[in-house]
Amino acid sequence: MKLRRASSVAGLEPASNSLLLAGGTEVVPLLRAGILEAEELIDVRGVVPRGISGPSIGAGTTLAEIESSPDVPDALREACRLAASPQLRNTGTLAGNLLQSTRCWYWRLNWPCRLHGGDACFARDGEHREHAVLANDYCASAHPSDVAAALLALGATVQTDRRSLPLAELYRVPSEDDRRSTTLEHGELLLSVELPPAGRSVYLKAMERKRWAFPLVGVAAARSGDTARVALAGVAPVPWLLGPAGLEAATPLPGNAYKLEIATALVKRALAQLDG
Amino acid sequence: MPELAVNGHRYAVDAPVGTTLAETLRDELTLTGTKIACGEGQCGACTVLVDGTPVLSCITLVHSVDGAEVTTIEGLRDHRMVESFVRADALQCGFCTPGQIVSAVALVESNPSPSSDEIRHAMAGNLCRCGAYPKIEEAIRTWRD
Amino acid sequence: MARLIRTEKEIEGRYEEVWIVVEEDVLEQWPPGPLNVVGRPAPRGDGLQRARGEAIYTADLRLNGMLHAAVLRSPHAHARVTRIDLAPALAVPGVHAAIGPGETEVLAGECGFEGAPIAAVCADTLEQARAGVAAIDVEFELLEPILDSDEAVVRGSLLGEPRVRQRGDVERGLAEADVVLSAEFRTSVVLHNSFETHQAIVQWVGDTVEVHISTQFIWGVRDEVAKGLSLPPDKVRVICNYMGGGFGSKNSPDDYTFIAAELAKRTGRPVKCALTRREEHLAAGNRNATIQRLTVGAKEDGTLTALRGEYVNAVGWGGWSSPTEGPMHLLYSCPNVASTTYPAKLNQPPMKAFRAPGFVEGTFGLEALLDELAAKIGLDPLELRRRNHAEQDPSDDRPFSGKNLVECYRRAEPHWERRHEVRARSTDVVKRGVGMASQIWYGGGGPPSYAWVRVGSDGRATVVTAMQDIGTGTKTAMAQIAAEELRIPLEHVTVSAGDSARGPYASISAGSSTTPSMGPAVRAAAADARRQIEEIAEQRGDPDMPLGEVVALLEDAQVLGKGARGPNPTGMQVLTFGVQVAEVAVDVETGEIWVERVAAVHDVGRVINPLGASSQIEGGIIQGIGHTLSEERLHDPSSGAILTTSFESYRLPTIADVPEIVSELVDVPDPNLTNLGSKGLGEPPIVPTAAAIANAIRDATGAEVRRLPITREEMLRALREAEQRQRESERSEAPARV
């Protein structure tokens, strides 16, 4: 394995067996576990913007920097504050958090599941108490990003080296013909996240301990004009923007219906806090 | 070949890409005060300061900290926090303790009088299986005594 | 005078009859209360080395020429190796040797659990050894796993006979009862997860085997390794200077030690075999799951008339059947008690002792059921415990050597009284409550255990004994005892421990036994040294001559004292006692639980080091909170593969999960137990925590939690069930409409 430091976006030129590396809090453990393989690591910290300037947050900004910034909406700050552990927030970047893989234990143990190219979702018939209750037909993995839920509720858009897109379009529910959960092309680099003017916002998180756990359910709500947008973490294979059907569309598995109870309570609470 | 300053001493590290900072510290520099308890970035035992910030050395590639200033527990041996941990009995088996102290030092360097909530927030990434937590909190609260 | 006696030896609630040589305990106990050094808070003597990262653990040790081993472990819960070829491993660069099934006793082709060791490879580096393991060509025949413990009982998959214990006539007791309640409780598998993983370095030095190992029992490792390698025990030297936690899982040498020994023999080099964290989650032992089907019968005034339990210990592929029924038989004075405990053999990793094995689980079931009883008959839960207090061992009427449980209850009253104020702080969404539970457990220690004390002309003393300090601070306690007896400052005592070649036999550090086993021996050795010093003083014609002046005469001569642990009192039951009171808050919409405060009052006889003791209590309670709320090993229900193999999915408590903890020790020497009157404190604090929390949750919400851990899912289930019950009772109480 080689490591190369990119000095410009144009100079990235990733090969098919290259991996982009910034904070490394996700990529390094996955490399060491044999889930990711690479012949070349490209350190992109020199080319990905870092820092907060007005409504634009560099994709290389660490969660710790966002957490301590007075200039970001409450939901985002709280999502960062409750994410991962202090050391991970010190190193982990905004882009890394948005692009992290599921915490599904089958996936992390490299079972030949659909996301790994296999033909079964082991969680659906197996142990799935922490898994998806929405869009879980093909793959029941739950997306763990607190930050993505907050940004989704805040109506963020994402700037890559190739395009600008609403955050919702960064994600896709994995399907038989395309197992990926993001729409990024190989080597496409996330550069920044742009926030529209924000009203009041809030992030509430249910986890199995008080800190340093991924969300069982995370609920972000943000006021935008007269309406409120609500997005959830931990309930679907992608961060979930709550539509007009609310949680009615949910298809809980035998062992995770309790998540809907939590989600219902937190959505109600988050909306009340927007008004309160 | 990455070069780092560890506790004020400069080293050029000859290691394959993929080698972690923790492996370099322990195996190459024999600084075994930095412990590896999970090797996956989940427990905090391997915490060291990189340019003053607590990071998990077991998932930090040594090649990605080229040029950095690294401080390990060996570089903090005379810090008052060490004495405070012993005085408060903030350690039992001691295996997580160097990592705890590194995180605690970083906390008080930026916030010399942290509240209980601030301590709990800043130290939540340093697990302790013996459950020395109440006394860790006390050691951090009273570190200047 | 040495004496050979036949005696009962107890470790972790397991008794065996043994012949042992004991020496009479001739010293009078010290008067109760804090003395000059004993009973005063002392920071641990080796704290600075540990805190500075200077302490060398087995994990930090590098011997010249040392090779690293990696182990091929079964990826299947139940399988048979049909073909294995180690040759590809030997072809990997850096690999020195590879061994497969049968080449040492611990490697086998029959795999009864995921993680069962099959083969091992050693190489210059760990990466090379792992590459060697990955290169091994192996094929399996998959076998059907047994994963359900009830099914195992039905199918007769048991690790031994069911254990039946009874007194009185339970059927009669139930017939006499005014109230009979039954409930089923379940506890889950939890893992020790010591921070230093299980590991050993083995090297052959001439005809002697040296074992550096992270262990709780230097002498047990020595004996088992000697037996396994067919060597005289004295040809095995075991060293453990610092160790990073054990909690019951490091009492024996296990597969990694024998793998390292065999590879060291074959290569002529020191070999290290260390488990990774993932292996630690599979093959390092666990607290097994239990099913407890319990029935209690009582009079209206709360007098217990019958207790009955059917217990299933989901032991796993190996291990032993822990005394889950123990609290039912020992805690209360109930005339009719019967239990059957089934040791289910499953295709799951073997259990090991984990901090009060059986009693943590059994106390949860029993004490939760007793609170349900208290609610049913409208009696204060603390009063219910008082009314059924056992004055002597209720199972065999033996007197207790010392018991101050009633005093624990008395001191817990102010904490218990807070429940009115705590409940009053409830809101519509967040309900608050208080619960309590009693604790009973062993912890008396016993012989044999020995110590030497060496005093030199500088007036300093060294305690020499081949014990280990597993992080509980026992070395510090031993230094305090020696300092007290010699009447010298604590700073003038050093403890030399951790090496079977450099000191006499010492106790296992398990079963809360180190302090009560070693302490009396250390005191006896110090007293022996002091007696000699006083004799010298008398010979100088000044019996009151200070110790420093006497020993200053010695120059290079030394005073050597030796001491042995005397026997436990004959015909008496030696136990520890206590009570914990927990305060919780429950969000009834989301199932979130906050443990806000735990007050602990325990009776463990004389306290040597109040500072270290409070740390032990806090640590036990915090582990107990982990077991109660967040820790659980999960497996795939069809294959039996373990799913939670990292700290991300297996969740230890963090500092943010810790409540306010208030602890108090009765601190009265057990008048019948040794020259110290001290019992052990390692395990008692974890025993009642889960039950106290479950009872507090019931007090807050009316919900009956029946399963550990109390995840959001279990909490919400219990809340909805309680609502349903409430609705039904309202419906049945509503006046009929005509």
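How far apart are the end C-alpha atoms of helix α7 (residues 254-267) of chain C? They sit 21 Å from each other, which agrees with the 20 Å that its 14 residues should span at 1.5 Å a residue; the expected span here is 1.5 Å times one less than the number of residues. Everything described comes from a predicted model, in which local features need pLDDT of at least 70, side-chain atom pairs count only at pLDDT 80 or more, and totals for chains, interfaces and linings use all residues. Residues are numbered from 1 along each chain as its sequence is written, while chains are lettered from A and ligands numbered from 1 in the order in which they are written.

Helices (H or I, at least four residues) and strands (E, at least two) are DSSP runs, numbered from the N terminus. Back to α7(C): 11 of its 14 residues are buried, so the helix is largely enclosed by the rest of the structure. Buried means that 20 or more other C-beta atoms, placed from the backbone, lie within 10 Å of a residue's own; with 12 or fewer it is exposed, and in between it is partly exposed. Among the buried ones are C:Y256, C:F258 and C:L263. Just after α7(C) comes C:G268, with a positive phi of about 70°.

Over in chain B, B:F85 has its place in helix α2 (residues 80-87). This residue counts as buried because it has 31 C-beta neighbours inside 10 Å. Leaving aside residues up to four places away in sequence, B:F85 touches B:A90, B:L91, B:T97, B:I101, B:A139 and C:A51, where a contact needs C-beta atoms, placed from the backbone, within 7 Å. B:K135 is 50 residues apart from B:F85 along the chain, yet their C-alpha atoms are separated by 7.8 Å.

Chain A has an open sheet of 3 strands, in the order β1-β3-β2 and with parallel pairing; two strands pair if DSSP finds at least two bridges between them. At the edges are β1 (2-5) and β2 (18-21) of chain A, each pairing on one side only. Strand β3 (residues 40-43) of chain A runs parallel to β1(A), and 4 bridges join the two. Across from A:R5 stands A:D43 in β3(A).

Finally, there is the contact between chains A and C, which takes 20 residues from chain A and 23 residues from chain C. On the chain A side, helix α9 (residues 258-275) gives the most, with 5 residues.

Definitions and conventions:
Two residues are in contact if their C-beta atoms, placed from the backbone, lie within 7 Å.
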